[in-house]
Structures are given as C-alpha cells and as structure tokens.
Amino acid sequence: MEKTEFASEKMLKNRKLHRKETRRENLTYYIMLAPFLVLFFLFTVAPVLSSAILSFFDFDAVSLPRFVGLDNYLRMFLQDDIFPKALSNTMVFAVITGPIGFFLAFMLAWMVNEFGPTTRTVLSFLFYAPSLSGNVYFIWQILFSGDAYGYINSLLLSIGLITEPVQWLKSPQYALTIIIIVQLWLSLGTTFLANISGLQNVNPELYEAGAIDGIKNRWHELWYITLPSMKSILMFGMVMQIQAAFSVSAVPIALAGFPSVNYSTETIVTLLTDVGGARYELGYAAAISVILFILMALTKELLGKLVNMAGR
Amino acid sequence: MELTAKQKKQQLKLKTARRDQYKRYTRSTGGNVLYTLFLLIFGLYSVLPMIYMVVTSFKPLDELLVFPPRFFVIRPTPANYQILPSLLDNLSVPFSRYLFNSLFISIVTTVLHVLVASMAAFILAKTNIKFKNVIFAVVQFSLLYNAYTLEVPRYIIYSSLHMIDTYWIYILPAIPSSMGVFLMKQFMDANVPDPLIEAARIDGAGTMRTFWQIVMPIVKDGWLTLTLFEFIGLWSITPTGTIFSESLKTLPYAAANIVQGGLTRAGASMAVSCIMMIPPILVYLVSQRSVTQTMSSAGIK
C-alpha cells in the first residue's frame with residue numbers, strides 16, 4: 001500500500017517537472033523566434049497590410065487619403081489603356097521565363113552535380129557568374145545597340161545578312177525576345193545555387209539502394225530518388241522563380257527604355273513604377289500590386305501541387 | 001578523437017569512391033558526352049559578359065572606340081586601373097570610409113540575418129508551437145508582394161523609428177528577409193530527421209544546444225548558400241532617399257560617382273566594375289568550395 005502511494009507521488013512529481021520543462025522550452029522557442037517575428041512584422045507585414053488597405057483609397061502622398069471603395073480596381077480593368085497591355089506582357093514573360101528558368105536551374109544543377117568536386121566548383125562558378133558580376137545590363141546594351149557599333153549589328157553587317165543597323169531594342173518584335181533571354185540569364189542564379197546545395201544533401205545511400213533495386217538509368221534515378229528527396233528545395237526554387245518571372249521590370253527598363261516604344265515591353269511592375277513613382281497615385285499603385293500578388297499566389301498554389309507529384 | 005587533415009581527406013576519398021560505384025549501372029557514355037556539350041554551351045553563354053568586362057577594362061581608349069567593335073583587346077593596358085587613385089581624390093569623403101561602410105554593413109547584416117533566419121526556421125520546422133503554419137504561410141506569401149509598393153509605408157515606419165540617415169536603415173530591414181527563413185526551413189525539412197531532434201532531447205540537450213550543435217552543422221550547405229545570397233545583395237546596396245550624410249554612403253554609390261564622365265571614362269568604369277566584383281567572388285569561393293567539395297553525410301542514421 002505504502003509502495004503504490006510512493007509511486008504515484010513520484011509520477012505526479014515527474015509530471016509537474018515535465019510540465020515545468022515544457023513551459024521553459026516553449027519560452028525558449030518564443031525567444032528564438034522573436035527577433036525574426038518582431039522585425040518581420042515591422043518591416044514586411046505592416047507595410048503589406050497598409051498597402052493593401054491603401055488600395056481602397058485615393059492617395060497622392062501629400063493630401064489626406066480619401067476612401068474610394070473599389071474605384072482603383074475598376075479603373076484598372078475598365079479605363080486604363082496600358083494595364084491590359086502590361087498584364088499580357090507580364091503573362092508572356094512569366095509563362096516563358098518562369099518554367100524555362102525553373103527547369104534550367106534544376107537541370108544545370110543536376111548535370112553539374114554529376115562531375116567530380118573540382119569540375120563541379122568550376123562549372124557552378126560559370127553558371128553563377130551573372131549574379132556575381134552585379135547589374136551588368138549594359139553588356140547587353142552594347143551587344144544589341146541599335147547603331148552599327150552594336151556587336152550584333154556589326155557582325156550581321158559584315159556578313160552581309162543586313163544592309164543597315166537594326167533597332168533591336170526599339171522594335172517591338174525583337175525587344176520582347178531579347179528581354180526574355182537577358183531575364184533568363186539573370187534569374188537563374190539563386191535557384192541554381194539552392195539546387196546545387198540541395199543535391200549535395202541527398203542521402204547517397206538512397207542512390208546505392210536504388211542501383212541495387214534495379215534502377216537502370218539516370219532518368220529513373222532522377223524521378224524516383226533525386227526529385228522526391230529534393231521536394232522542399234524545389235518548392236523554394238519555384239517560389240523564387242514565380243517572384244522573378246512576374247516581377248520583370250529592371251531588365252526592360254534598362255534595355256528598352258522607360259516607357260518603352262508603344263509600351264511594347266511595359267509590364268505590371270514597370271507600370272507600378274510609373275504610377276507610384278512618377279505620378280504619385282499611390283492608391284492605384286497599391287491596387288495594381290494587390291492584383292499582381294493574387295496572380296502570383298494563385299500560380300504558387302497551382303504549381304505547388306505539381307511539385308508534390310514528383311516520384312509518383 | 002580528432003582526425004588529422006590527411007585522415008579526413010582519405011575518408012572523403014573513400015566516400016566519393018563509394019558514391020561513384022553505383023554510377024556504373026546508371027550512366028551511359030552517350031549521355032555523358034551530351035551532358036558535357038550542353039554544359040559548355042550554357043556555361044559560355046553565362047560567363048561571356050563577365051569575361052567581356054574584364055577584357056574591356058584593359059582596353060586603351062582607341063580600342064574602346066574602334067569600328068567595327070572587337071571583343072578582345074589587342075594592346076592591353078593597365079591605364080584604366082592606374083587613373084582610379086587620382087579619381088578618388090575628387091570624392092568629398094575619404095575612399096576608405098565608403099569601403100568601411102560597405103564591408104561593415106555587408107558583414108554585420110549577413111551574420112545577423114543568417115542567425116535570426118536560421119533560429120526562426122528551426123522553430124518553424126522542428127517544434128510544435130502555435131500558429132507555426134500560419135506564420136510560415138505568411139512568410140512564403142510575403143515574398144510575392146511587390147517590394148516597390150512597400151516603399152512608402154516602409155519610409156513612414158523608418159522615419160517614426162528615427163532610422164533615417166543612420167546605419168540602422170541598412171541593417172534592420174534586411175534582417176527579417178523572408179527568403180532566408182524560407183530557404184533554411186526547406187533545408188531543415190529535407191535534411192534534419194525528427195527522430196534526431198527527439199533523441200537529442202532525451203539525451204538532455206536544450207533547445208538552443210540542439211539548434212547550434214546538431215541542426216546547424218547538418219544544414220551547413222544551406223546557411224553557407226544563404227550567406228552568399230545575402231552578402232551579394234548587401235554589397236550592391238545603394239540607399240535611395242533614406243541616407244543623406246555622405247559619410248554613411250556605400251561603395252557602389254562612390255563607384256558610380258567615380259566613373260561619371262561619359263565615354264572617356266568607359267574604360268575606368270569597367271575597371272571599377274571589375275574591382276567591385278572581387279569581394280562577392282571571394283565569398284562565393286569560400287562558401288561554395290565547402291558546399292561542392294564535401295560529400296554530405298547529413299542526416300544519415
């Protein structure tokens with residue numbers, strides 16, 4: 001009788017101790033999360049919320065905001081002549097550079113990973129070079145310059161393919177293609193490098209087991225072992241590519257000018273820059289970015305399901 | 001027992017050999033050739049502009065203006081680099097100040113960011129605190145909101161915190177960047193098995209210790225890569241409308257000022273760009289050497 005009492009007492013004491021420990025642990029959790037959470041709320045969440053609220057107001061940064069309901073959104077779709085053009089250009093950029101960028105960033109990383117350590121370092125340096133050399137759009141400007149001094153023009157002139165310099169960046173038919181190429185070249189870096197380190201971390205024993213279990217070629221290995229092990233890194237790459245693909249703006253501004261001829265390379269973000277930065281219509285700019293956000297968020301949800309299918 | 005460098009190297013070799021053994025069954029020669037060709041073409045495509053920058057920085061003025069334009073330099077000259085010191089004299093603040101500012105901001109912020117982001121990622125990935133899924137969803141989606149529109153609300157916050165025209169404006173907003181938490185969480189999800197955390201707990205390791213001594217070494221490749229991303233971003237940072245004191249401005253700002261002066265400075269401009277490239281390349285080499293050369297044994301067993 002005495003013995004059982006003793007045991008239950010001990011259990012009770014243990015439980016109390018355990019609860020105290022959990023409470024202390026929880027406190028540590030919050031302390032570790034706090035620096036991020038506080039700063040994140042201050043510099044990201046609060047600005048995003050106020051921007052979203054601002055989209056229902058008319059605000060020029062000088063006079064007080066005036067509530068206008070859905071006017072900004074209606075204006076975007078019904079009155080603004082440039083918005084549809086910007087939206088369709090953005091979709092063209094996104095649909096082309098997004099998937100190609102994502103695919104290239106993975107394929108290149110996967111291929112580079114096939115080589116030995118030294119070759120691997122050299123090759124990944126080559127592919128990461130554009131990100132290391134800073135904002136070097138000017139190289140493309142020199143390459144595609146509209147006068148005879150442009151490399152492409154001078155090359156084509158000397159071969160005799162063209163008789164006079166082509167205005168590459170000023171003509172709508174070429175500008176879009178050139179911007180897509182440059183954008184791809186620049187947007188590869190982050191995803192590529194994340195993939196490289198992701199691939200390094202796939203458990204090598206899985207590959208051995210795969211070879212024993214009868215995986216015959218690298219494509220099977222890729223589908224059944226590599227991709228499933230990389231899912232979370234692929235998800236990261238996907239979000240980064242969506243962000244880059246829908247936010248194309250620096251490249252067209254640097255190459256095709258701002259605003260571009262006939263708005264041929266106007267995108268949602270260049271429109272934003274114009275509306276918010278030059279015209280100070282901050283409420284309208286906020287409404288445009290809310291629409292852009294919804295577009296990207298839907299894409300992310302849709303593609304997230306696709307990434308999860310790897311290995312099935 | 002500590003292993004000597006030689007022993008470690010031997011171990012690495014053994015591991016690599018072991019890894020490569022299975023490759024005999026899953027790789028074909030034709031595939032290997034195709035691979036190499038593909039990589040060479042794309043590698044050239046992406047490294048060419050960098051080479052062009054270096055080559056051009058050694059061109060004398062007449063070769064910069066030659067027609068038809070030439071890619072390579074015929075009579076290389078260091079003149080573009082030699083005039084830089086004299087151009088530095090035109091700056092109103094000593095050059096060393098800009099250099100210090102850039103190094104200070106880049107290094108301090110990168111370290112703080114990687115630490116803060118990793119801690120938050122650890123809590124979100126490996127504990128059961130309330131709202132962790134909500135917080136993580138907000139982090140992911142915040143990446144998709146256009147940063148340009150946030151400038152005005154952010155400016156209001158900066159000025160109410162008296163951060164305008166101080167070092168804080170560079171450092172504080174960069175610390176909670178969502179990308180870092182996202183990347184680190186994904187790495188921890190992929191590579192740190194939950195039983196390992198549980199085992200550490202049972203063995204009596206506290207949360208902080210589990211994070212520092214068990215999780216961080218496993219996701220080393222993740223935070224090395226994040227360090228590189230963050231450093232590159234901060235190295236090229238130029239303040240817009242938030243810094244007015246000349247003594248608080250950064251190197252890219254000074255670099256842009258040095259080379260203003262049109263065509264005659266085209267060579268010097270390339271030289272400056274080349275010099276600005278050096279620190280990111282160094283950080284790249286240090287971090288990625290470690291990433292690409294180690295055979296991962298992360299999370300095994």
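This is a predicted model: local features need pLDDT of at least 70, side-chain atom pairs count only at pLDDT 80 or more; totals for chains, interfaces and linings use all residues.
Helices here are DSSP runs of H or I with at least four residues, and strands are E runs of at least two.

**Entry: chain B overall.** I looked up burial next: of the 301 residues of chain B, 36% count as buried. I also checked the contacts in chain B between residues at least 6 apart in sequence, and 78% of them join residues at least 24 apart.

**Entry: the two chains together.** I then turned to where the chains meet. On one side I have 80 residues of chain B, in contact with 86 residues of chain A. Helix α3 of chain B, residues 29–57, gives the largest share of the chain B side, with 12 residues. By residue class, I noted 51 nonpolar, 23 polar and 6 charged on that side of chain B.

**Entry: the core.** The largest nonpolar core holds 138 residues, and A:Ile288, B:Ala120 and B:Met184 touch the most other members. I traced its largest share, 13 residues, to helix α7 of chain A (residues 172–200).

**Entry: helix α9 of chain B.** In this helix, residues 151–160, I found B:Pro153, B:Arg154 and B:Tyr158 buried. Looking down the axis of α9(B), I saw the buried residues fall within an arc of 140°, so they line one face of the helix. On the other side of α9(B), I noted B:Ser159 and B:Ser160 as exposed. Just after α9(B) comes B:His162, with a positive phi of about 55°.

Entry: Most residues other than glycine have a negative phi, so I went looking for exceptions. A:Tyr280 has a phi near 55° and is found in the loop between α11 (268–278) and α12 (282–307) of chain A. Buried or exposed, or in between? I counted 14 other C-beta atoms within 10 Å of A:Tyr280, so A:Tyr280 is partly exposed. B:Phe131 has a positive phi of about 65° and is not a glycine either. I placed B:Phe131 in the loop between α7 (95–126) and α8 (132–142) of chain B. B:Phe131 has 10 other C-beta atoms within 10 Å, so I list B:Phe131 as exposed.

**Entry: domains of chain A.** Last, I looked up the domain assignment of chain A, which gives domain 1 as 2–45 and domain 2 as 71–307. Taken over C-alpha atoms, the centres of these two domains are separated by 45 Å.

Terms used
Residues are numbered from 1 along each chain as its sequence is written. Chains are lettered from A and ligands numbered from 1 in the order in which they are written. A residue is buried if 20 or more other C-beta atoms lie within 10 Å of its own, exposed if 12 or fewer, and partly exposed in between; C-beta atoms are placed from the backbone. The arc is that of the directions from the helix axis to the C-beta atoms. Domain bounds come from an automatic or database domain assignment. Two residues are in contact if their C-beta atoms, placed from the backbone, lie within 7 Å. Ala, Val, Leu, Ile, Met, Phe, Trp, Tyr, Cys and Pro count as nonpolar, Asp, Glu, Lys and Arg as charged, and the others, Gly among them, as polar. A nonpolar core is a set of buried Ala, Val, Leu, Ile, Met, Phe, Trp, Tyr and Cys residues joined through C-beta atoms within 7 Å.
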